[in-house]
Amino acid sequence: MELNKEYWENRYLTKETQWDLGEISTPVKNYIDQLTNKNLKILIPGAGNSYEAEYLFQKGFKNVYVIDIASTPLANLSKRIKSFPGEQLIHKDFFDLHLKFDLIIEQTFFCALDPDLRLDYARKTYELLNPNGKIAGLLFNFPLTDQGPPFGGNKTAYEKTFDPYFNIKTLEKCYNSIKPRQGNELFFIFEKKQTL
């Protein structure tokens, strides 16, 4: 199982990053705004330019880690936030990560993966989370085809993928998506199961 490093590096170098909003998405921002424990150890996988990490860091969450297979977006984040700890910028394949976190924030990483890796993603996020850990964020809500990334999916398929590892706390259509994504996003919160 390997992610295509050159493909993603080239997308950033050539600025073919149409998924990049240039800021944190509203649903994720609203979720972060209701988090009270500033000591949470948080991971943002496939972070890209990671406006989520920037927002968290500015809100006083200092235990934020980002991982990306491409080095360019990590360098971009480092330039934007000079005080962001270098050891929390991880340049490697998500599936090779072996740390533990309290929360994983999902923002356009899952939809960028080859759909054949979705079960591996669910298993890996389960492994990376501490007991009672959560994964929260956005999943696309449009038909899954061979055309992508981004690759789509639906509520039923996501439940099937994540149910072996997580208790589905929330999985619903976003009411506060940005205009271009309205009707095409599901907001979710999944909690790690105590036993499998």
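What follows is a chat about cores and a cavity.

Q: Which ground rules apply?
A: It's a predicted model, where local features need pLDDT of at least 70, side-chain atom pairs count only at pLDDT 80 or more, and totals for chains, interfaces and linings use all residues. Numbering runs from 1 along each chain as its sequence is written, and side-chain values use heavy atoms, with hydrogens and water left out.

Q: Which residues touch the most other members of the largest nonpolar core?
A: Ile 32, Ile 44, Leu 56, Val 66, Leu 103 and Ile 105, in a core of 29 residues. Such a core is a set of buried (under 20% relative accessible area, 1.4 Å probe, protein chains only) Ala, Val, Leu, Ile, Met, Phe, Trp, Tyr and Cys residues joined through side-chain atoms within 4.5 Å.

Q: And which element gives the largest share?
A: H3, with five residues; helices are DSSP runs (H or I, at least four residues) and strands are E runs of at least two, numbered from the N terminus.

Q: What is Leu 56 in contact with, leaving aside neighbours within four places in sequence?
A: Ile 32, Ile 42, Ile 44, Phe 61, Val 64 and Ile 105, with contact meaning heavy atoms within 4.5 Å. Another core, of 28 residues, lies apart from the largest one and includes Tyr 121 and Ala 122.

Q: Switching to holes: what lines the largest cavity?
A: Among the lining residues are Glu 106, Phe 110, Cys 111 and Arg 181. E5 gives the most, three residues.

Technical notes: Buried < 20%, exposed > 50% of the residue type's maximum accessible area, 1.4 Å probe, protein only. 1 Å grid on protein atoms, 1.4 Å probe; cavity = no way out; pocket = protein on both sides within 12 Å on 5 of 7 lines; lining within 4 Å.
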